[in-house]
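Dear colleague,

Please find below the structure that I am handing over to you, together with its sequence. My findings follow directly after it.

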Amino acid sequence: MSVSSKRDACKVLFFLMAFSSPQFSLFTAVHKHYSLQQWKEFASQNPECLEHVAASSGTGSSDFEQLEQILEAIPQVKYICLDVANGYSEHFVEFVKDVRKRFPKHTIMAGNVVTGEMVEELILSGADIIKVGIGPGSVCTTRKKTGVGYPQLSAVMECADAAHGLKGHIISDGGCSCPGDVAKAFGAGADFVMLGGMLAGHSESGGELIERDGRKYKLFYGMSSEMAMKKYAGVVAEYRASEGKTVEVPFKGDVEHTIRDILGGIRSTCTYVGAAKLKELSRRTTFIRVTQQVNPIFSDES
């Protein structure tokens, strides 16, 4: 199981989240806005976490330079996450090739895309793991703002077939709102699952703790939201619109409880369908379209 970050949901699972991950064998892709100095401080204080994190990068020249600096300064980091909203460009493909040439022994994650043809293109260009998902995130507004997107379950099924045919892997990125959704992503063929909204609002998550009317909240925002762009770029560029929103998530306490709930659900899924291990889940899964999945009589109760 993978817990990671994406441009479009505060999958910005900050260093604190990375620190909590090793005990569960989870994985964190650290967003590209951390400085080299912050990386060095994290590495010196938490060396045991370095094998569980990836350094993220955009596709600009400054992004490439920062990625080089981080990986040269902290050679224990062996994973790279090339993270863009739209993986359908020649520039992105060439960037993947450049990164593979520069770091031939690192594991490269790249995306996001939603079709088998592009999965194959990126794998042949040097990526090992392809991030799949356009528009399904809880704080993503891409489908609303642009009309572009793809049903996540269908995308995972199609992209998994394409990747596995080339000995590659995929990450299902976005769309999970409960442990059952995580299990379905694995059942559809995903090798890893990224979580954003489900891990928001915890002590280990980034953001300030807000107290109002006796209740506690944490801000959760998409990385293409107006808040994120102003925070990291200083302004929303005139040529584009924000494709993420900012929400207040009720404070959930320690992330350990949520992670244990997710892992427990997946184990039970494997029991129900007769999978002895997670890798077998996709071979034991049949999907059936329904109009209502759960009994809604007590839907107001969590």
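In which sense do strand E9 and E10 pair, and over how many bridges? The model is a predicted one, and in it strand E9, residues 215–221, pairs with E10 in the antiparallel sense over 5 bridges. One of the facing positions is Phe-220, which stands opposite Val-247 in E10.

These strands belong to an open sheet of 3 strands, ordered E8-E9-E10 with antiparallel pairing. Strand E8 (209–212) and strand E10 (246–250) each have a single partner strand and stand at the edges, so one side of each is left without a neighbour in the sheet. On average, neighbouring strands of this sheet are turned by 40° against each other, direction ignored.

I turn next to the second largest pocket. Its volume is about 480 Å³, and 15 residues line the pocket. Lying nearest its centre are Lys-184, Thr-286, Phe-287, Ile-288 and Gln-293.

Which helix gives the largest share of this lining? That share, 4 residues, comes from H8. Helix H8 spans 179–187, and both this helix and helix H10 (255–273) supply at least two residues of the lining.

With kind regards

Notes
Residues numbered from 1 in each chain as written. Predicted model: local features only at pLDDT ≥ 70, side-chain atom pairs only at ≥ 80, totals over all residues. Heavy atoms only, no water. 1 Å grid on protein atoms, 1.4 Å probe; cavity = no way out; pocket = protein on both sides within 12 Å on 5 of 7 lines; lining within 4 Å. Points joined across faces, edges and corners; volume = space filled by probe spheres on them. Pairing = 2+ DSSP bridges. Axes fitted to C-alpha atoms, helices over the stretch in contact; angles between N-to-C directions.
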